[in-house]
Amino acid sequence: MTALLEVSHVSKHFVTGGRLSRSHIDAVVDANLSLSSDASEIFTIIGESGSGKTTLARMILGLEHPTSGDIRFEGKRNAERRTRAARRDFYRRVQPIFQNPFETFNPLKRVDRYLHASARTLFGARTASEAESVIDGALHKVGLSLREVAGRYAHELSGGQLQRVAIARALIPNPSLLIADEPVSMVDASLRMSIVTLLRDLRDEFGVSVIYITHDLATAYYISDRLVIMQKGYVVEMGPARPILDAPEHPYSRLLKDSVLSITDAGTDGLVSADRSESAAAWERVGTATLQEREDGRFVRL
Amino acid sequence: MTENVLTVTSLKAYYRMSYFGVDREVRAVDDVTLSVRKNEVYGIAGESSSGKTTLIKTFASAIRPPLKIVGGSMTYHFENGDIDPYAAPQAKVDALRWSHLSYIMQGSMSLLNPVRRVRRTFEDFAFRPMGLPRSEFWGRVESHLQRLDLSPNVLSAYPHQLSGGMRQRVTIALATVCQPEFVIADEPTTALDVVVQKDVLAMIRDVQRQMGSSVVFVTHDMSVHANIADRIGIMYAGRLVEEGPTRTLLAAPRHPYTAHLVASLPRIGDTTPKVALEGRPPNLAEPPTGCRFHPRCPLAIEKCTTDVPPLEPVGLDHRSACWRSAEVRPLTRIGHQELEVAG
Amino acid sequence: MLAVVRDLIRYNKEFTIGAVLVAIIVGFSCLSFFSPVDPTLVYLVPPERPPSTEYWFGTNSRGQDLFWQATFAIRNTLAFGLLVAVLSRIISVTVGLVAGYIGGWVDRVLMSINDVVVALPIFPILVLVYFVLRADLTTLKLAIVMACFGWPFDARLIRSIAVGLRHREFTHHAVFAGMSARKIMFEEHLPYVMPIVLSTAMANMIWSIGLSVTLAVLGFTDLNIPSIGTMLYWANNHSAMVVGTWWWIAVPVVLVVVTFVGLYLLAVSLNEYIDPRSRLRRMGGAALVSATSTLVAEGGAAPVPTLGADVRGEPEGRP
């Protein structure tokens, strides 16, 4: 197995406050994960705000540097990519998808300028017609065409369409890894599933691996192969997605699952605060607990 | 027949703008008729540009240009008499605020002053509407907090010392301290984490039961509606397209849009393929003719493109605005516990 | 472009008035190209004649026709102000955008230079420059010197906007799309600072014209070049108010006031037109803007860290 991405013993501390009231925040503590380049997969990071899921993704993208530990993409650390050319090479392999499609595009500029920039600088298209054919190809992968998008401004497209354009843009350099941070949380419910299924189709048809960051267990269940559940910087449960979500073992994972609202609860008057005592007790032990392997391949911090 | 606390008849609220010769009319709320009953949670569901935010702005009588009421009427039936906020004098409308009509907002920080203790914010908002002597006022506030399982200590905290969930609970306490008859909740749990969200929803539900007041609850999240609302109204492109009791509406929707909305929700343990609605939400500046949903509707016929379907009863307490409402079938079966359908 | 001007004239009163005033001044200064007289020559006409049908603006004690004299004066003054404004805008936009976008030590170095320039006493330095260069101090050289002093406040303003833009998601998107820093700064971010550039350009012109008039009145400039300042210098030199040749002072003052009012109105109306918010409304983004705003005010929710946001430390979840 050749490793696409290897995250080993990565921690990230932030220092907050001024000189007098300085405090440390452990955003990510000792995270380990790896993606193989042989088989594409959707790897989901689940967590609430403050869980460190976004910090982890930012470190993989090279927007932050780990305090300790090692992140290697195709064997190379981000800190080793010092020149602009090296960074561009990295962008050809890894692309982000942002949370808010309306913020991803400059509202005063046409959306296709990002597509053209990617086609020219990342894909290396030499002529305008070559760039256009590359862009059209990428847009077709997401169910759009250049004709629908060319010359449009962000407000002329729906959130779902914009997110598709953003994904198409990310696909232009044929990356092997997409990092999607809450890609559907700002998209309307009726359009949301089409984006989620699109990510799955990209994995199946084009062999793109996706790191899918979300707080939504339901969409994670729908598309993920593997997942990690993070609690305040710690990975508390990791492994195959559906077995974990069907029967979470760690108390915090159970708390998360119990808190998910569903339309099947209609009229059951099931609005009772979830029991936090077990989760709180497990959190007390989190510093000394270790990740233990289970038969179905999952790891639980106990 | 249960009593209504708010009746809205053919309400139209448009944004009218003119910028350097570009005139724009956005029909954010177009011909909405509904009523909110006493002692119920009325959920308003809709996606972006459905007009739900504008609708509750008109409920809150928080209308500022370029938004204008173009037609229709709106009447509150409070204990001290009926009032149309758009016909009554401003002083009378202001007197309603907080004591009869209050709000729970999405961002708790927009209500809590960050540089003042929570106690001061309570004083600013509730002291005058309640009209009690100071000692009695604080006694009332503290007993209200206790009833909501909040320690009176939160009063002496600054907002930043409280967690996000706690802040939102404090704003709920603040909004309900005067025992208002009508509470508008605008996406109060959208920015919260799932675990906290459930607590906050439970709290809203409890306080509503205790006070016997009416809550209009706005969110785009159908699973939140399923858990908190007694009745749901579905907004699409400025119109109310379906309205009904929560379980009936979710289990047996009679409008194709609702059917899609319900069917597109993923659930843990459910791996069936999801059908996403194609197309985009309409531009309210140039809405489609006839039924505004017809460009995206799988059931659309010739008539839908020309004639606007009226919101008509299709069952007990259940109304739908669709020419083919009889043919709408639920696209997904809701869950293991078969929901029995009223009517 | 023409359609924009037509719309502005039709729908914006400030723009119409400003455009008319500026057009009058510009048209007037253009008359200097058809002047029958050389403005540097003296005693060509009978001196100290009040305004009349023969000499519209009167004549001065040096025997010059003030009408033609004024055309040259306003042309030179306008050109000077414009030159300073353009040059100093180029510096302030570049410094502001670079400091804001690149940040780090580049930002710190640029902003320390900025603070030093703010602290320098401009007027004594200009006098010093005059004493060093004397006759070599042409309008162009003076404009360059003043442009070197006229940028720091505006650069700081532009930097503050650019810092905000750097943390927007679309900037990160542009980076990952492979756009160069130059492209991001001058294509993505520039439209957001254009309103500031326009309005500060106006303030800058007022500042530079005012300073050049002051210098000229005091005699620290080439007095042979006709300008609003040198006109006032000669009027003062010949005790115009005492002698009673009031028109000699009134003509340059009225001209400069009309210029300022016209430019101010133009700046205000263009500002409104070019402002991103009003632009978005015209483009049809308004429904979006108003629909997403909540009941009372936007924002207020605790910022959720995203890939695009540059958040230092995530909020700690509290019990």
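Q: How many helices and strands does the secondary structure of chain B come to?
A: Helices (H or I, at least four residues) and strands (E, at least two) are DSSP runs, numbered from the N terminus. This is a predicted model, in which local features need pLDDT of at least 70, side-chain atom pairs count only at pLDDT 80 or more, and totals for chains, interfaces and linings use all residues. Residues are numbered from 1 along each chain as its sequence is written, while chains are lettered from A and ligands numbered from 1 in the order in which they are written. For chain B the secondary structure comes to 9 helices and 12 strands.

Q: What is the radius of gyration of chain B?
A: The radius of gyration is taken over C-alpha atoms, and the globule rule is 2.2 Å times the number of residues to the power 0.38. For 343 residues that rule gives 20 Å; chain B comes close to this, so it is as compact as a globular protein of that length, with a radius of gyration of 21 Å.

Q: Is Glu182(A) buried or exposed?
A: A residue is buried if 20 or more other C-beta atoms lie within 10 Å of its own, exposed if 12 or fewer, and partly exposed in between, with C-beta atoms placed from the backbone. Glu182(A) sits in the loop between β7 and α8 of chain A. Because 22 other C-beta atoms lie within 10 Å, Glu182(A) is buried.

Q: What is phi of Asn174(A) near?
A: Asn174(A) is in the loop between α7 and β7 (177-181) of chain A. Its phi is a positive value in a residue other than glycine, near 55°.
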